[in-house]
Amino acid sequence: MAPTLTTSAPATTGPARVLKPGRSWPDAWRRCLAAAPEAFRDEGVLNLWNAGWREGGRAHPATTPVDGSPIAGAPRLDGATAHHAVRASLDQHRAWRHLPLPERRARVAATLDALAEHRELLALLLVWEIGKPWRLAQADVDRAVDGVRWYLDGIEPMLAGRAPLDGPVSNIASWNYPMSVLVHAVLVQALAGNAVIAKTPTDGGVACLTLACALAAREGLPVTLVSGSGGELSPALVRAPEIGCVSFVGGRDTGAAVATAVADLGKRHVLEQEGLNTWGIWKHTDWDALTAVIPKLFDYGKQRCTAYPRFVVQRELFDEFLAAYLPAVATLRVGHPLAVARDGDPCPELDFGPLINAAKARDLHAQVADAIDRGAVPLHRGRAAPELFLPDQDTSAYVHPVTLLDPPPSSPLHHAEPFGPVDTIVLVDTEAELLAAMNASNGALVATLSTDDRADFDRLAPQIRAFKVGHGTPRSRGDRDELFGGFGASWRGAFVGGELLVRAVTRGPAGERPPGNFPEYQLMP
């Protein structure tokens, strides 16, 4: 069967879109000034350290990926100021760690109530700063609040026989989930008895995190929030002796440098790095189920660590796979997250909006073009639906879905996570080829194998180097008591999720070996 290129844009009709009233960036900024005047200024945000919001730092210009218009950038501190902030956080840590658990719980609970009260504003900031569609932005806030409430209800047995670390936890996270990953982790770490430091992601989220940290600081939580380049702040946030644990979420290159530093210092660490998460198709017939799940896999344009950008398909099933896959990918809706046909309409239901910035979009376009030049076969290219955008708006950060068959080994799309809406397909003939292709990146966070025979799944799944392997269903980071980690180069240090998140940031009995992926051992929960 010769593959056929399809192009599509979802059918839409109606009048030209307008920006939903009350949802502009100036509207959001005015609400921030009213909600947290201690942290926001007309011209930008402040850094939070030594229990106060402080001027200083080099203003970093920023634009929104939604339409390229200017928004607030991060005030970048220098390394010396970051060291002062770390030392001040240690002072906070020494006081906070002795605060009784009921008091800590009450302050974290009050913070959650404040976050819930400002849910809509936090979500609106996520739309403008990192391009999340309205539905996903609200979900990011809700997952943070609901997830930490679960810890409030069950923290006592998790802390039994354990103590806070000797120094604060330093959090360096990527931009894609400021609330459900970074703020969630910060609040659980504080609940466990630690002062916490968070670095604002370079690519976006500073206003959302500033508002969240302002609400936490009001309740007396020992939170530090600083901005700056990773290279300049790393000596303070990673190597400083005052730091009790480093929690990192990001790419493998940066993660490797952090891993080297913490290994040299013997420092507690949790380093989540990307891997090429794969979806295998082997002796499979339930195509309706696959068609139903394909659009969900494109949530937020696959800009998440548990996205599935690679399908490994049994060659003799390729025609049936395409018949299930192509109609589903053709339904994807990509557009401006706040563009509506009429003022009173709800925000649009989109699968995703822009990528994090125009530079990322250009890079991904270039990778796709290069892969095709080197032999990859384009199977699908989505097209823009003008009705889902504002008239004449900047769309330089938007990438529409692309599907490629057999990206060449020389292409980054062959072996690395694209962090964008680009799927690649590899065809295999044997189980050995299937497993080799599904393990292309030396470890992953998640994987899925669609196969009808449960015995085949039970036999093959343990040979797939991913922390979670689904049987015909996608796996994700998970919430509450669901554990999370990775194999190979996708994860270094302690595993997290559920009780393990608390164990990762507290001290247990002498000689305790936390479950995780360490150079000297790998221990599953």
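On a 1 Å grid over the protein atoms alone, a cavity is a set of points where a 1.4 Å probe fits but cannot get out, whereas a pocket is an open set with protein on both sides within 12 Å along at least five of seven lines; lining residues have an atom within 4 Å of a point. Grid points are joined across faces, edges and corners, and a volume is the space filled by probe spheres set on the points. This is a predicted model, in which local features need pLDDT of at least 70 and side-chain atom pairs count only at pLDDT 80 or more, while totals for chains, interfaces and linings use all residues. Residues are numbered from 1 along each chain as its sequence is written, and side-chain values use heavy atoms, with hydrogens and water left out.

**Cavities**

- The count comes to 4 cavities of 30 Å³ or more, and the largest cavity has a volume of about 370 Å³.
- The largest cavity is lined by 29 residues, with H184, A185, R477, V496 and L501 nearest its centre, and α6 gives the largest share of this lining, 6 residues.
- By class, the lining of the largest cavity has 14 nonpolar (Ala, Val, Leu, Ile, Met, Phe, Trp, Tyr, Cys and Pro), 6 charged (Asp, Glu, Lys and Arg) and 9 polar residues (the others, Gly among them).
- The second largest cavity has a volume of about 80 Å³, and of the 13 residues that line the second largest cavity, V183, V186, A212, C213 and V223 are the closest to its centre.
- The lining of the second largest cavity has 12 nonpolar, 1 polar and no charged residues.

**Second largest pocket**

- The second largest pocket has a volume of about 360 Å³, and its lining of 24 residues has A62, T63, D203, I356 and N357 nearest its centre.
- This pocket lining divides into 11 nonpolar, 10 polar and 3 charged residues.

- Helices (H or I, at least four residues) and strands (E, at least two) are DSSP runs, numbered from the N terminus.
- In α4, 10 of the 12 residues are buried, where buried means under 20% relative accessible area, exposed over 50% and partly exposed in between (1.4 Å probe, protein chains only).
- Just after α4, G131 takes a positive phi of about 80°.
- P75 lies in strand β10 (residues 75-76), and P75 counts as buried because its relative accessibility is 7%.
- Leaving aside neighbours within four places in sequence, P75 is in contact (heavy atoms within 4.5 Å) with V45, L46, N47, G56, G57, R58, A59 and S227.
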